[in-house]
Amino acid sequence: MFLKLKSFIVPLAFITLSGAGFVFIQMGLTYASSMAFLELRYLFAFIVLLFVVFKLKFPNSLIEIFHIGIAGILSVGVFSIACFNSIDYGLSPAFCSLIISLQPIVVSFLAMRFLGESVSIKAWFGLLFGLVGVILVLGFDSEINKNELIGFLFAVLGLLGMSFGSLYQKKYCSNMNLITGGVIQTFVSAIVVLPLLYFEDIRVSFNGEFIIALFYMSVIASIGVMSLLYYMIRHGEVSKVSSLFYLLPVVSVLVAYFVLDNKIESNVFIGIIIVLISMGLINKNYSKKLVIKKA
């Protein structure tokens, strides 16, 4: 009973916290430039993790540290850099989350190609059916200007970073300690962001809303959400875990409704139902367990 409850609560918490994160990115970018906000996020998360990590043992192998760092650069660094810039260029959190939610299709294809994971026809149908639901959630009337087009390209970069990072994490870092691994990954991500500060006009205005956004993105997103993601990657197939990303825009729309008082149209309700049906198809129809060759 406990295991069944955990298998429901952990994914629900991951999606809820992740979807809300896009809203907090937009909140923080109101008071800070994108890379300055992101650098502060990583540094704060790094400091918080250091208070916990003293009692834990870091990996002894340099190659293990290398793999953890590469996975962090992709799924933490590249992903966050892209999403922060995407929203900073004017793409809405909901639209950005739509692009990221395409990860199931990308990861399922890559998992079959590189990790030998088999996905059934019904599961593929569920993935495509979920995409239709996501599109309905956000509607078809979005117009993209020049800046939003740049934001769109950044979102695609974030999609690729998270997709390849998830696969790399599963293949080379499946036994990573979530705390020590988090220290390594936030540190290398902070290093990657540091030179990017040169290319922007740095601005930071510390106030109540920015501190809330910084706390959420540093502690809840960088530590909590990523720990939940790695936990699910460790205990489930890569494609099955990635299918949860279809719910990101659903959560973003709902958070916008409660926080910003945005009206939810009827197509949103239809889209949510389609997404939930597709999740059922995906989670029940993977044909066999993931088989990974040791590196």
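Rings of Phe, Tyr and Trp (its six-membered ring) form an aromatic pair if their centres lie within 6.5 Å; planes under 30 degrees apart count as stacked, over 60 as edge-to-face and the rest as tilted. The model is predicted, so local features need pLDDT of at least 70 and side-chain atom pairs count only at pLDDT 80 or more, while totals for chains, interfaces and linings use all residues. Residues are numbered from 1 along each chain as its sequence is written, and side-chain values use heavy atoms, with hydrogens and water left out.

**View 1. Ring pairs link Phe37, Phe84, Phe206 and Phe210 into a cluster.** The structure holds 8 aromatic pairs.

**View 2. Phe24 and Tyr216 form a stacked aromatic pair.** The ring centres are 4.1 Å apart, with 10 degrees between the planes. Phe24 belongs to helix α1 (residues 2-29) and Tyr216 to helix α9 (residues 208-235), 192 residues apart; helices (H or I, at least four residues) are DSSP runs, numbered from the N terminus. Phe24 is buried at 19% relative accessibility, and Tyr216 is buried at 11%; buried means under 20% relative accessible area (1.4 Å probe, protein chains only).

**View 3. Phe37 and Phe210 form a tilted aromatic pair.** Their centres lie 5.3 Å apart, and the planes make 55 degrees. Because Phe37 lies in helix α2 (residues 34-53) and Phe210 in helix α9, the pair ties together parts 173 residues apart in sequence. Both Phe37 and Phe210 are buried.

**View 4. Thr180 is found in helix α8 (residues 178-193).** Thr180 is buried, with a relative accessible area of 3%. Beyond its neighbours within four places in sequence, Thr180 is in contact with Val53, Leu56, Lys57, Phe58 and Pro59, where contact means heavy atoms within 4.5 Å.

Methods. Helices (H or I, at least four residues) and strands (E, at least two) are DSSP runs, numbered from the N terminus. Buried means under 20% relative accessible area, exposed over 50%, partly exposed in between (1.4 Å probe, protein chains only).
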